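Please keep the sequence and the 3D view side by side as you read.

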Amino acid sequence: MLQEGRSALDAACEMVCMLEDSPLTNAGFGSNLNDNGDVECDAGIMLSSKEGKNTRFGGVSSLASIKNPVLVAKEIILYQDEPRLLGRTPPLILVGEGASCFAKKRGLKLVQNKTLKSERAIKKYKKYKERLEISKKAVLAGLKITIQPNPSQDTVGVICIDKNGDIASAASSGGIALKLPGRIGQVPVYGCGCWAQHSKSAGIAVSTSGCGEQLIQTTLAKTLGQTILDHGDPAFHLKELMCNQFIHSQMLSDDSYDRMGGVLVAYYNEDSVDFNMAFTTDSMVVGFMSTNYEKATVRVSRNTSSIAPPTNGNDSLQSTRLTMEGFIVKLIN
């Protein structure tokens with residue numbers, strides 16, 4: 001698509017749609033089911049223009065009747081560039097029924113929620129629902145229960161840079177399994193799920209995955225994006241910020257659970273893109289390529305690292321592990 005001259009926004013949305021259509025991902029079709037057994041999806045996109053150094057953001061949440069939520073987020077961005085009738089400010093984020101009505105008016109097809117449920121997701125829902133009921137009974141009986149991480153938190157994310165240097169960062173998620181209806185994760189929240197921005201000499205894009213509540217409380221995507229854009233050295237600052245602003249963040253000091261987060265950062269200049277990923281989850285999967293490549297490169301990284309201590313003197317007792325990996329993609333032969 002980028003070889004054909006398509007925009008970063010178009011390419012990012014097309015790639016996310018492919019991931020949303022796959023039953024193997026927790027986005028769009030096959031998403032985790034909420035506590036009522038329904039699919040409710042989130043999506044977000046941030047676009048940064050190199051020429052004007054201006055940004056656009058669109059987010060949607062609690063969508064229950066859209067096959068590809070990322071397309072609704074894209075329509076929000078396109079709507080922002082239309083004339084403002086009566087001076088009305090266009091939205092950044094739409095949720096629930098309002099988002100579905102907007103999508104229909106913009107020409108997107110509404111579908112029945114049952115068509116978004118995969119057999120795999122239904123089986124998982126029944127299994128986790130049974131476990132939840134057992135846990136409730138155990139608590140009522142005064143028994144101590146073992147807290148296990150919420151399964152299938154995988155958010156999908158895409159970063160694209162087009163021939164004009166414009167950057168799009170997009171993400172889509174079905175949210176955590178058995179979430180409360182109406183729960184909003186980090187994906188559609190400004191500065192939390194994705195980030196894209198330019199300076200005079202460089203550009204940055206960030207996409208996050210993991211525990212939405214923790215990523216929202218730390219505004220991790222924006223914090224990473226702006227710091228790296230201002231200071232460069234993405235690998236160094238990514239490690240510093242993941243340790244001090246996420247794993248050992250004072251904003252999460254009352255949260256006794258493990259930090260669950262994965263971040264992909266793309267730092268762009270005229271001739272290359274410096275990709276770095278960091279994650280505290282069990283694993284993270286990344287694929288990347290440029291228009292100079294014949295095929296994509298895929299990395300599956302496992303978290304085998306030791307505990308990541310704070311680097312700023314913080315006395316946090318959090319014992320989360322952090323794994324990082326980086327690679328550079330040349331843009332010019």
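Ser-48 is buried, and its relative accessible area is 0%; buried here means under 20% relative accessible area, exposed means over 50%, and partly exposed lies in between (1.4 Å probe, protein chains only). You will find Ser-48 in strand E1, which covers residues 41-48. Strands (E, at least two residues) and helices (H or I, at least four) are DSSP runs, numbered from the N terminus.

A word on the ground rules: this is a predicted model, where local features need pLDDT of at least 70 and side-chain atom pairs count only at pLDDT 80 or more, while totals for chains, interfaces and linings use all residues. Residues are numbered from 1 along each chain as its sequence is written, and side-chain values use heavy atoms, with hydrogens and water left out.

Now look at what surrounds Ser-48. Its side chain makes a polar contact of 2.7 Å with the side chain of His-198. Such a contact is a pair of N or O atoms within 3.5 Å; within protein, one must be able to donate a hydrogen and the other to accept it, and residues adjacent in sequence count only if both atoms are side-chain atoms. Once neighbours within four places in sequence are set aside, the residues in contact with Ser-48 (heavy atoms within 4.5 Å) are Asn-54, Thr-55, Asp-166, Ile-167, Ala-196, Gln-197 and His-198.

Val-265 sits in strand E8, residues 261-268. Beyond four places in sequence, Val-265 is in contact with Ile-204, Ala-205, Val-206, Ile-228, Leu-238, Asp-274, Phe-275 and Asn-276. Leu-224 is 41 residues from Val-265 in sequence, and their C-alpha atoms are 8.2 Å apart in space.

Let's turn to charged pairs. Side chains of opposite charge can pair when their charged atoms come close. With a salt bridge taken as a side-chain nitrogen of Lys or Arg within 4 Å of a carboxyl oxygen of Asp or Glu, the count comes to ten. One of them joins the side chains of Lys-117 and Asp-38, at 3.5 Å from N to O. Because Lys-117 lies in the loop between helix H3 (96-105) and helix H4 (119-140), and Asp-38 in the loop between helix H1 (8-21) and E1, this pair ties together parts that are 79 residues apart in sequence. Lys-117 is partly exposed at 23% relative accessible area, and Asp-38 is partly exposed at 30%.

Arg-106 deserves a stop of its own. Arg-106 forms a salt bridge with Glu-75, the closest N and O atoms being 2.9 Å apart. That pair links distant parts of the chain, with Glu-75 in helix H2 (residues 69-80) and Arg-106 in the loop between H3 and H4, 31 residues apart. Glu-75 counts as buried at 16%, whereas Arg-106 is partly exposed at 26%. Arg-106 also forms a salt bridge with Glu-82, where the closest N and O atoms are 2.9 Å apart. Glu-82 lies in the loop between H2 and strand E3 (93-95), so this pair ties together parts that are 24 residues apart in sequence. Elsewhere, Arg-6, Asp-10 and Lys-74 are linked in a network of salt bridges.

We end at the surface, where Leu-92, Ile-93, Val-95, Ile-184 and Tyr-190 form a nonpolar patch with about 400 Å² of accessible area together. Patches are made of residues with over 30% relative accessible area and no salt bridge, with like charges joined within 9 Å and nonpolar side chains (Val, Leu, Ile, Met, Phe, Trp, Tyr) within 5 Å; the areas come from the Shrake-Rupley method with a 1.4 Å probe, and for residues only the protein chains shown count as cover. Leu-92 lies in the loop between H2 and E3 and is partly exposed, at 41% relative accessible area.
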